[in-house]
Amino acid sequence: MTPVNRHEGNSDDAYVHNEAFWDEVTPVHAGSDFYRVDEFRRGADVLHDFIVEEVGDVSGLSMLHLQCHFGLDTLNWARLGAVVTGVDISGASIERARELASELGIPATFVRANVLEMGDRFDGRFDRVFTSIGALCWIGDLDSWGRVIARALKPGGVFYIAEFHPVMDTLQQSRPITESSAAYPGYPYFGDGVPLRFDPEGDDSDYAEASFTSAKSTFEWFHPVSEVIEVLINAGLTIKRFREFPFVTYKARQGMIQGDDGLWRLPPEVVPLPLMFSVAAVKAIA
Ligand SMILES: C[S@@+](CC[C@H](N)C(=O)[O-])C[C@H]1O[C@@H](n2cnc3c(N)ncnc32)[C@H](O)[C@@H]1O
C-alpha cells in the first residue's frame with residue numbers, strides 16, 4: 001500500500017475503513033500458506049519461539065488476546081494451556097476464529113469489538129493480556145489502549161507485546177534494501193495522532209498472499225517506542241522487560257534475508273537496525 005496523505009476524516013471513520021479491509025482479507029489469510037492453518041490443524045505450533053519463550057508458561061492462566069485476527073495464535077495459546085479470549089474488530093475474523101475453534105475442538109471465546117470500545121466487560125479478569133505483530137498501527141488513541149490493558153488485567157497480571165519496531169516501520173517499502181544507503185526512512189517515526197491513508201497500487205500485494213491485492217484503503221497510525229512505554233506506565237503498569245530485535249518474523253521489506261531460525265534480517269552490508277521490540281509489564285498487586 002502506498003501512503004497517500006493524512007486522513008481528513010475523524011478517527012471513527014478510519015476504524016470503519018480498516019474493519020472493511022480486515023473483513024475482506026480474512027478469508028485470503030485463513031487460506032494462505034503464510035498463516036500455516038493446515039500445519040496448525042495437524043498439531044504444529046505457529047507461535048514464534050521467541051514469543052513463547054518470553055511469555056513463559058501459560059498453563060491454567062486466563063489470557064486476553066487483543067487483535068486476534070482469525071484466532072490462530074489465540075488457539076495456539078489455548079493448546080499451550082491458556083484459557084483464551086480473543087478480541088478483534090473484524091466480524092469476518094471472529095467468525096472464522098469461532099469456526100476454527102469448533103473444528104479443532106479447542107475451547108476459546110471470541111468477541112467482535114474495537115479494542116478501544118470493550119467497556120467494562122473484561123475488568124480484572126485476566127492473568128495475561130497478549131498482542132502481537134501488526135497490532136499498534138491500527139490503534140489511534142494509545143492512552144486509551146494502555147488503560148484498556150490495565151483494567152483487563154488481574155492484580156499481578158502481565159501484559160506482553162511483540163511488535164514491529166517503529167524504526168522498521170519507517171523504512172521504504174518500494175525499494176529493495178541492498179546496502180546501508182538504501183535503508184532510508186520513507187514514513188514517519190514520531191506519529192502525531194493523525195492516521196496516514198494507504199491506498200492500494202497495482203504492484204502492492206498482501207503480506208500473507210502475494211497473489212491478492214485489496215482495493216481498499218487503510219488508515220494507520222505511527223507510534224514511537226517511547227509512546228508505547230509511556231502509556232503503559234501512565235496506565236499504572238510496571239515495565240518488567242523491554243527488548244529490541246534485529247530480526248522480523250516475515251519478509252517485511254524487499255532485500256531482507258531469512259536466517260536458519262526462520263527470521264528475517266537486513267542484509268549483512270546494512271547496519272543492523274531494530275526491526276521488532278517486545279515489552280512485558282505487570283499490574284501491581286495492591
Ligand atoms: C495483522 S493482524 C495482527 C494479528 C496477528 N499478529 C496476525 O498476524 O494474525 C491485525 C488485526 O487487528 C485487527 N484490528 C485492527 N484494528 C482493530 C481495532 N481497533 N480493534 C480490534 N481489532 C483491530 C484486524 O481486524 C486484524 O485482525
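**Note on the ligand shell, the sheet and the helices**

1. Helix α1, which spans residues 11–30, contributes the most to the shell around the ligand, giving three residues; helices here (H or I, at least four residues) and strands (E, at least two) are DSSP runs, numbered from the N terminus. The model is a predicted one, in which local features need pLDDT of at least 70 and side-chain atom pairs count only at pLDDT 80 or more, while totals for chains, interfaces and linings use all residues. Residues are numbered from 1 along each chain as its sequence is written.

2. The ligand is surrounded by 17 residues, and the closest are W22, Q67, H69, G134 and W138; a residue is near a molecule if its C-beta atom, placed from the backbone, lies within 6 Å of it. By class, this shell holds eight nonpolar, eight polar and one charged residues, where Ala, Val, Leu, Ile, Met, Phe, Trp, Tyr, Cys and Pro count as nonpolar, Asp, Glu, Lys and Arg as charged, and the others, Gly among them, as polar.

3. Helix α1 also packs against helix α5 (residues 91–104), at an angle of about 35° and with the axes 7 Å apart; axes are lines fitted to C-alpha atoms, for helices over the stretch in contact, and angles run from 0 to 180 degrees between N-to-C directions. On the α1 side W22, D23, T26, P27 and A30 take part, and they meet G91, A92, S93 and R96 of α5, residues being in contact if their C-beta atoms, placed from the backbone, lie within 7 Å. This contact of α1 with α5 has four nonpolar, three polar and two charged residues.

4. Seven strands make up an open sheet with mixed pairing, in the order β4-β3-β2-β5-β6-β13-β9, two strands being paired if DSSP finds at least two bridges between them. At the edges are β4 (109–112) and β9 (237–245), each of which pairs on one side only, and the twist from one strand to the next averages 15°. Strand β3 (residues 83–88) runs parallel to β4 and is joined to it by four bridges, and D88 has R112 in β4 as its bridge partner.

5. Helix α4 (residues 72–79) is mostly covered, with seven of its eight residues buried; buried means that 20 or more other C-beta atoms lie within 10 Å of the residue's own, with C-beta atoms placed from the backbone. The buried residues of α4 pack against α2 (37–41), β2, β3, α5 and β5. Just after α4, G81 adopts a positive phi of about 115°.

Methods
Two residues are in contact if their C-beta atoms, placed from the backbone, lie within 7 Å. A residue is buried if 20 or more other C-beta atoms lie within 10 Å of its own, exposed if 12 or fewer, and partly exposed in between; C-beta atoms are placed from the backbone.
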